[in-house]
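Here's a quick briefing to read with the structure open beside you. Take the topics one at a time and look up each residue as you go.

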Amino acid sequence: MAKDKTRFVCQSCGAAHPKWQGRCEACGEWNTLAEEAPAPRGPGPAAKAGGGRRVEFVGLKGSSAPPPRIPTGIAELDRVLGGGLVAASAVLVGGDPGIGKSTILLQAAARVAAAGRRVLYVSGEEAVEQVRLRAGRLGLTESPMALAAATALRDIVASLEGENDAALVVIDSIQTVWLDALDSAPGTVAQVRACAAELIRLAKARGFAIVLVGHVTKEGTLAGPRVLEHMVDATLYFEGDRGHQFRILRAVKNRFGATDEIGVFEMTGTGLMEVANPSALFLAERRGNVSGSAVFAGIEGTRPVLVEIQALLSPSSGGSPRRQVVGWDSGRLSMLLAVLESRCGMSLGQNDVYLNIAGGLRINEPAADLAVAAALVSAATDRPTDPDRVYFGEVGLSGEVRQVAQAEARLREAAKLGFTAATLPRRVARGGKAAAPPEGIALAETGHMADLVAVFAEKTVKRDRAAP
Ligand SMILES: Nc1ncnc2c1ncn2[C@@H]1O[C@H](COP(=O)(O)OP(=O)(O)O)[C@@H](O)[C@H]1O
Ligand SMILES: [Mg+2]
Ligand SMILES: [Zn+2]
């Protein structure tokens, strides 16, 4: 057998490299490689045991009951999970340190425990006393959950094996758990994967739901949650910046529910509060009648969400102009600027461009193109968009405005929040007639970006004429 050599494993994506490099070729991150001892060779535990049991094969037809769910009682969290935690499944909750992972999980654990189920909370980051302090602040000291501070996988597994009726186990965080049989340091990819595999195996065997907390790591010294995504049934990420009170929990993977589903929370002194109507919250700070602002009627997961898009243009001070984007894709912004220049005759090239999704939401939908374009054109012409108008539609390279999914749901949400107009793609008639728009919303169907630009040019003319 060849001699085992140490390898260098990227702590961000988990790719193994034979020698040290400054940059991981697999994911492009810098300074993420760390030396790790090889995994022990030889036959795996399954092969060693020999004599497997015959698996029973069945047909595709037949009835399978939906998986038993354990609702957390926190509606926003339950929706992101697809209806609650699933027994014998593993959920990874990732996010920046300090974003609120321990807070939401302590709140959820308390709810599940209050419903009469056995809940175990294993803290590897904080001492029991610190968790008690948090519980006190959240008003949860009376919760019947069981709490322990532990980091040794052996101890945790031994304790869980003695549990017969645990419904939920929280491990906060997986990066602090370590296995003494491995040479690599706690928090490395090898450790985190080995410990997670063992804990997940136990959860499946014993039938409890396990939640693993994983910090998103900036430096390469600790393995990030990404290296576990393929091992778990669902991965939720907590987003939002610490300066903002909004927190968005997003499902990026879910075997038992829709991905891209979001839950919206507000961080308060007494914990994370559910936000039942995120559109109202995201639009709460909008100021009417300022240029460079447009409201996008978006869809996040299964839910329509309205957000304000803000653009600012300022003359560039030489060199290449700045493009700064928060909450959206910067490549997509460049594309829209190019379309506005080449297809609509606007000259924006000498401006620094800042684009911001208000409220800290991250938008991935191309349907935001038209709203972003409206904000840009509004900023460039210094003409406000109509305060009661929403925008949605994808923009193609020739400037054409393309159809997007769920137009009706977007319009209904806009109507519900009191908007009276929408700029949207031309609607295709399905089966003869396009669906009637909700009451009270006037539709401006737009086939090309140039039509949008023309509307702002017209506003300019009107206003100039009206001026004394
Ligand atoms: N005494 C406090 N009063 C109000 N908010 C607090 C207090 N202590 C912590 N927080 C909030 O809780 C956050 C920490 O959340 P936590 O759940 O520990 O994050 P994570 O587990 O993701 O690292 C802090 O960023 C802060 O916003
Ligand atoms: Mg924490
Ligand atoms: Zn990598």
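Let's start at Ala-88, which sits in the loop between β5 (85-86) and β6 (90-95). Its phi is near 60 degrees, a positive value in a residue other than glycine. Keep in mind that this is a predicted model. With that said, here's the tour.

- Why give a positive phi a second look? Most residues other than glycine have a negative phi, and most peptide bonds are trans.
- Ala-88 has a relative accessible area of 25%, so it counts as partly exposed.
- Asn-31 also has a positive phi, about 55 degrees, although it is not a glycine.
- You'll find Asn-31 in the loop between β2 (16-17) and β3 (33-36).
- Is Asn-31 buried or exposed? Its relative accessible area is 52%, and exposed means over 50%, so Asn-31 is exposed.
- The peptide bond running from Asp-172 to Ser-173 is cis, with omega near 0 degrees.
- Ser-173 belongs to the loop between β9 (166-172) and α6 (189-206).

**The surroundings of ligand 1**

- How many residues surround ligand 1? There are 14, and the closest are Gly-98, Lys-101, Ser-102, Thr-103 and Arg-134.
- Sort the residues of that shell by type and you get three nonpolar, six polar and five charged.
- Gly-100 uses its backbone here: one of its backbone N or O atoms lies 3.0 Å from an oxygen atom of ligand 1.
- Ser-102 comes in with its side chain, where an N or O atom is 2.7 Å from an oxygen atom of ligand 1.
- Thr-103 has a polar side-chain atom too, and that atom lies 2.6 Å from an oxygen atom of ligand 1.
- On its own, ligand 1 has 580 Å² of accessible area, and the protein covers 67% of that.
- Which elements give two or more residues to the shell around ligand 1? They are α3 (101-114) and α4 (128-137).
- The largest share of that shell comes from α3, which supplies three residues.

**Cysteines**

- How many disulfides does a search of the whole structure find? The count is zero.
- For comparison, a disulfide needs its sulfur atoms within 2.5 Å.
- Cys-195 has a relative accessible area of 0%, so it is buried.
- Cys-10 counts as buried as well, because its relative accessibility is 0%.

**Pairs to trace along the chain**

- Pro-18 is in the loop between β2 and β3. With a relative accessible area of 74%, Pro-18 is exposed.
- Now go from Pro-18 to Ser-102: they are 84 residues apart along the chain, and their C-alpha atoms are separated by 37 Å.
- Trp-178 has its place in the loop between β9 and α6. At 32% relative accessibility, Trp-178 counts as partly exposed.
- Arg-193 is 15 residues from Trp-178 along the chain, and the C-alpha atoms of the two are separated by 9.9 Å.
- Val-122 is part of strand β7 (residues 118-123). Buried means under 20% relative accessible area, and Val-122 has 8%, so Val-122 is buried.
- Val-122 and Glu-274 are 152 residues apart along the chain, with 25 Å between their C-alpha atoms.

**The whole chain**

- Zooming out, the chain has 11 helices and 23 strands.
- Of the 468 residues in the chain, 48% are buried.
- If you draw a box along the principal axes, the C-alpha atoms fill roughly 85 × 55 × 50 Å.
- The domain assignment of the chain gives domain 1 (1-37), domain 2 (68-275) and domain 3 (280-428 + 435-466).
- How far apart are the C-alpha centres of domain 1 and domain 3? They lie 43 Å apart.

Conventions
Residues are numbered from 1 along each chain as its sequence is written. Chains are lettered from A and ligands numbered from 1 in the order in which they are written. This is a predicted model: local features need pLDDT of at least 70, side-chain atom pairs count only at pLDDT 80 or more; totals for chains, interfaces and linings use all residues. Side-chain values use heavy atoms; hydrogens and water are left out. A residue is near a molecule or strand if one of its heavy atoms lies within 4 Å of it. A polar contact is a pair of N or O atoms within 3.5 Å; within protein, one must be able to donate a hydrogen and the other to accept it, and residues adjacent in sequence count only if both atoms are side-chain atoms. Accessible areas come from the Shrake-Rupley method with a 1.4 Å probe; for residues, only the protein chains shown count as cover. Helices (H or I, at least four residues) and strands (E, at least two) are DSSP runs, numbered from the N terminus. Ala, Val, Leu, Ile, Met, Phe, Trp, Tyr, Cys and Pro count as nonpolar, Asp, Glu, Lys and Arg as charged, and the others, Gly among them, as polar. Buried means under 20% relative accessible area, exposed over 50%, partly exposed in between (1.4 Å probe, protein chains only). Domain bounds come from an automatic or database domain assignment.
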